[in-house]
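Have the sequence and the 3D view open as you read.

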Amino acid sequence: MRFVTLRNGARVPALGLGTWVMGERRGSRSAEIKALQLGIDLGMTLIDTAEMYGEGGAEEVVGEAIAGRRDTVFVVSKVYPHNASRDGAVAACERSLRRLRIDTLDLYLLHWRGSIPLAETVEAFEKLKADGKIRAWGVSNFDPADMTELSMVAPEGACVANQVLYHLGSRGIEWDLLPETGAQGIAVMAYSPLGQGRILSDPVLKAMAANRGIAAATLALGWVLRHDNVIAIPKAAKLDHVRANAAAADLTLDAAELAALDEAFPPPGRATPLEMI
Ligand code: NDP
């Protein structure tokens, strides 16, 4: 497993676990918990969740999955933009902590930009940090202009990560956001790194993976992880999927494979608006 050291000194695995759509149905709960626990056992010890997912349900699933092993995991959650006010973010964080059954979040992100001034959200995040409720904070779905605006209101070095859409079929961030955030030491967390499962039926990807004797998902994630400052957070509720994803931690793609993937999934030739889900 490759590790990424965040600006606050935390060392996190480059491959973690997503939780969107978890905690929405009672009947799926035990399978979701088992999938997260297998992922942790296989070294994917960073778990990404949000108050939005299942309206708190995903955080409860994570809470159950990590019970008794809190110290082995790095827990990331996100605040809704409409809750990201000076007092609202503090209250939202406390609700998340209760659902997760932990005392401190390792990383707390603003899910996307809303109408509350960034300075107010930053103030709330800094208060949560000073009070020991979160260890670090970051943002999500911020484009380069948003990052510049943030840098004007945030203490130097305070924002440690920007979580954005990144997979073979969506490479726009390679043009500007990825190099710019990398130069500032801000980690990029790649969400939907499997294109929500849709890119896995691509014939080129499938053929290349078959050639290697690996799953298409393993190859797609190995490709995302070729950057030093990128963390991928695939979501998988099926155990076989978790195993295939974990295998990407040991994968290195050669120049010919990278070239073939560039041909099938061309890199950006100009700046494009940040894509988001
Ligand atoms: P992913 O790209 O991770 O794809 C998830 C889908 O792919 C699921 O249907 C899953 O099926 C399937 N899958 C997973 N592994 C495999 C495999 N090895 N082989 C075949 N299929 C597989 O999409 P997500 O949108 O879930 O993104 C990942 C995480 O990123 C989210 O869960 C969330 O934590 C975060 N996120 C953040 C956003 C933001 O705005 N900040 C937006 C979107 C996502 P199954 O579950 O049945 O195993």
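The shell around the ligand splits into 12 nonpolar, 12 polar and 4 charged residues, with Ala, Val, Leu, Ile, Met, Phe, Trp, Tyr, Cys and Pro counted as nonpolar, Asp, Glu, Lys and Arg as charged, and the others, Gly among them, as polar. Keep in mind that this is a predicted model, where local features need pLDDT of at least 70, side-chain atom pairs count only at pLDDT 80 or more, and totals for chains, interfaces and linings use all residues. Numbering runs from 1 along each chain as its sequence is written, and side-chain values use heavy atoms, leaving out hydrogens and water.

In total, 28 residues surround the ligand, and the closest are D48, L194, K235, K238 and H241; to be near, a residue needs a heavy atom within 4 Å. Helix α9 (residues 239-246) gives the most to this shell, with 3 residues; helices are DSSP runs (H or I, at least four residues), numbered from the N terminus.

Here are some polar contacts, meaning pairs of N or O atoms within 3.5 Å:

| Protein atom | Ligand atom | Distance |
|---|---|---|
| S140, polar side-chain atom | nitrogen | 2.8 Å |
| K238, polar side-chain atom | oxygen | 2.8 Å |
| G195, polar backbone atom | oxygen | 3.4 Å |

The protein covers 88% of the 900 Å² of accessible area that the ligand has on its own (Shrake-Rupley method, 1.4 Å probe).

Definitions and conventions
A polar contact is a pair of N or O atoms within 3.5 Å; within protein, one must be able to donate a hydrogen and the other to accept it, and residues adjacent in sequence count only if both atoms are side-chain atoms. Helices (H or I, at least four residues) and strands (E, at least two) are DSSP runs, numbered from the N terminus.
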